[in-house]
Amino acid sequence: MVGVTMSSAANDTQELMPALKQVEKNCGELPVVVIADNGYATRQNVEQTSAQEIELIAPWKADSSREAGACARNGIDEEFVPSKFALQRGGKKLLCPAGKMLVVIGQKTHHGVRKNVFEAKERECGACPWVKKCCGRKGGPRRIERVVESPAMKKYLARMKRPEVKQLYRQRSRIAEFPHMWAKAAKKWRRFSVRGMAKAGMEALWVMLAYNVTQWIRLGRPGRCQEFCVNSPAVLMFRADYTGCTRAEDKALRRRNLSAGSAAGIRRDRAQLVPASCESWR
Ligand code: SF4
């Protein structure tokens, strides 16, 4: 764990760049590649990471998942949402579901994002049997806005299609979410015991410091395999045995882990905590 930040934001979109700053402060340099979940995949984050020569790997939410709500509010049928209109001729025209062409009539910038505005011909929409479903409450002719992607966005979208990048992303949850699981499930840290950002930040820092110490012990123990699966019954037993269980719930956890370890044929002495083959625990 190389950094802990506190925020009261409802979502993660604005949290990536402050987190990277903290990584740079704590580690002395910025990462070359950042793997994050789709909550961090925004155009702004892609631009900012690209400007710092960082490769962002985070799954992009398809536009179709963002447009459904807005179209439903405007009375547009799901068969005629903007993603059903296909780009033609190098992005200069759009082909509608009825086979008519929409052409660019101008550009607009919204929240710093440049968009092309396409419009259908009035007489074609007027004669179209699906005009109500397609144009909704506003009426025709149909107008569609399409983002003009920047070079950084194009590079990012192409990167996210590569099989090796998808493969790399699959490793994210087991690495990045494990410390959360450790804190919440193993250490029962489910809520802050203090109030205020500063004090809560200190509490979070202490928890993650404890996590780092357990990892330091785990990796630094002579003879321990560094690939050792941290979820194995052996490690759970190690935690239960040697982390000083005192409270009733810790004792119950210890009993559970010991019986899980025994069921898996692990003896309680330390020598048995390193299994012959790590593969058997995966
Ligand atoms: S209303 Fe216009 S844009 Fe929509 S499907 Fe019909 S012709 Fe195409």
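# A chat about the chain and its ligand

Visitor: Where does Cys96 lie?
Guide: Cys96 is in the loop between strand 4 (93–95) and strand 5 (101–110). Keep in mind that this is a predicted model.

Visitor: Is Cys96 buried or exposed?
Guide: Cys96 has 21 other C-beta atoms within 10 Å. The cut-off for buried is 20 or more, so Cys96 counts as buried.

Visitor: Which residues is Cys96 in contact with, leaving aside neighbours within four places in sequence?
Guide: Those are Phe85, Leu102, Ala120 and Arg142. There's also Ala86, which sits 10 residues from Cys96 along the chain, with 6.9 Å between the two C-alpha atoms.

Visitor: OK, on to the ligand. How many residues surround it?
Guide: The ligand has 15 residues around it. Cys96 is among the closest, together with Ala98, Cys125, Cys128 and Cys134.

Visitor: Which helices supply at least two residues of that shell?
Guide: Helix 4 (122–126) and helix 5 (131–135) each do. Helix 5 gives the most, with three residues.

Visitor: And how do the shell residues divide into nonpolar, polar and charged?
Guide: There are 11 nonpolar residues, three charged ones and one polar one in the shell around the ligand.

Visitor: Back to Cys134. What is it in contact with, apart from neighbours within four places in sequence?
Guide: Cys134 is in contact with Ile76, Phe80, Cys128 and Arg142. Arg142 also turns up in the list for Cys96.

Visitor: Which residues have the most contacts inside the largest nonpolar core?
Guide: Leu94, Cys96, Leu102 and Cys134 do, in a core of 13 residues. Apart from that core lies another one, of 10 residues, including Leu20, Tyr40, Ala41 and Ala58.

Visitor: Let's zoom out. How many helices and strands does the chain have?
Guide: The chain has 12 helices and seven strands. It runs to 282 residues, and buried ones make up 15% of them. Taking contacts between residues at least 6 apart in sequence, 47% join residues at least 24 apart.

Visitor: At what angle do helix 2 and helix 6 pack?
Guide: Helix 2 (residues 43–51) and helix 6 (residues 151–160) pack at about 100 degrees, and their axes are 9 Å apart. Angles from 65 to 115 degrees count as roughly perpendicular, so that's the word for helix 2 and helix 6.

Visitor: Which residues make the contact?
Guide: From helix 2 you have Arg43, Val46, Glu47 and Ser50, and from helix 6 Ala152, Met153 and Tyr156. By class, four of the residues in this contact are nonpolar, two are charged and one is polar.

Visitor: Is Glu53 buried or exposed?
Guide: Glu53 is exposed, with 8 other C-beta atoms within 10 Å.

Visitor: And what is phi for His111?
Guide: Phi of His111 is near 50 degrees, again a positive value in a residue that isn't glycine. You'll find His111 in the loop between strand 5 and strand 6 (113–119). With 6 other C-beta atoms within 10 Å, His111 is exposed.

Terms used. Residues are numbered from 1 along each chain as its sequence is written. This is a predicted model: local features need pLDDT of at least 70, side-chain atom pairs count only at pLDDT 80 or more; totals for chains, interfaces and linings use all residues. A residue is near a molecule or strand if its C-beta atom, placed from the backbone, lies within 6 Å of it. Helices (H or I, at least four residues) and strands (E, at least two) are DSSP runs, numbered from the N terminus. Ala, Val, Leu, Ile, Met, Phe, Trp, Tyr, Cys and Pro count as nonpolar, Asp, Glu, Lys and Arg as charged, and the others, Gly among them, as polar. A residue is buried if 20 or more other C-beta atoms lie within 10 Å of its own, exposed if 12 or fewer, and partly exposed in between; C-beta atoms are placed from the backbone. Two residues are in contact if their C-beta atoms, placed from the backbone, lie within 7 Å. A nonpolar core is a set of buried Ala, Val, Leu, Ile, Met, Phe, Trp, Tyr and Cys residues joined through C-beta atoms within 7 Å. Axes are lines fitted to C-alpha atoms, for helices over the stretch in contact, and angles run from 0 to 180 degrees between N-to-C directions. Angles under 35 degrees count as roughly parallel, over 145 as roughly antiparallel, 65 to 115 as roughly perpendicular and the rest as oblique.
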